[in-house]
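Please look over the sequence and the model first.

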Amino acid sequence: MDRLTSIKRAIEKLYQTNPNVHISVDIPRPRLIVERTNAVITGVYRNFFQIEEYDKGHSTRHTIQYGDVLIGHVVIEELT
């Protein structure tokens, strides 16, 4: 099993057991920066997953590719 598949399976497991995570995101294009915030994994799909973060009374949903986790643009503390 390659690393990308293992990352996908780990995120699927988090989604099924405890979707509340702490996440940091630094994706250059499109520019998206989220620093150590609480988020909820709201969906897991074939090539990406979705999170919803809560900040100052409103929520924002982001779509993230598994490759971004692999190369370090996205860090989910519960996976480390």
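What follows describes a hairpin, a histidine and an aromatic pair in a predicted model.

Strand β3 covers residues 48-55, and strand β4 covers residues 58-65. The two strands run antiparallel and are joined by eight bridges. Across this pairing, E52 stands opposite R61 of β4. Two residues lie between the strands of the hairpin, where K56 takes a positive phi near 55°.

**H62.** This histidine belongs to strand β4. Is H62 buried or exposed? H62 counts as buried because its relative accessibility is 11%, below the 20% limit for that class. The H62 side chain makes a polar contact with the side chain of E53, at 2.7 Å. When neighbours within four places in sequence are left aside, H62 is in contact with L32, V34, F49, Q50, I51 and E53.

**The aromatic pair.** The count of aromatic pairs comes to two. One of them is formed by Y45 and F48 and is tilted, with 5.0 Å from centre to centre and 35° between the planes. Both Y45 and F48 are partly exposed.

| Residue | Relative accessible area | Class |
|---|---|---|
| H62 | 11% | buried |
| Y45 | 39% | partly exposed |
| F48 | 30% | partly exposed |

Note on methods:
Residues are numbered from 1 along each chain as its sequence is written. This is a predicted model: local features need pLDDT of at least 70, side-chain atom pairs count only at pLDDT 80 or more; totals for chains, interfaces and linings use all residues. Side-chain values use heavy atoms; hydrogens and water are left out. Helices (H or I, at least four residues) and strands (E, at least two) are DSSP runs, numbered from the N terminus. Buried means under 20% relative accessible area, exposed over 50%, partly exposed in between (1.4 Å probe, protein chains only). A polar contact is a pair of N or O atoms within 3.5 Å; within protein, one must be able to donate a hydrogen and the other to accept it, and residues adjacent in sequence count only if both atoms are side-chain atoms. Contact means heavy atoms within 4.5 Å. Rings of Phe, Tyr and Trp (its six-membered ring) pair if their centres lie within 6.5 Å; planes under 30 degrees apart count as stacked, over 60 as edge-to-face and the rest as tilted. Two strands pair if DSSP finds at least two bridges between them.
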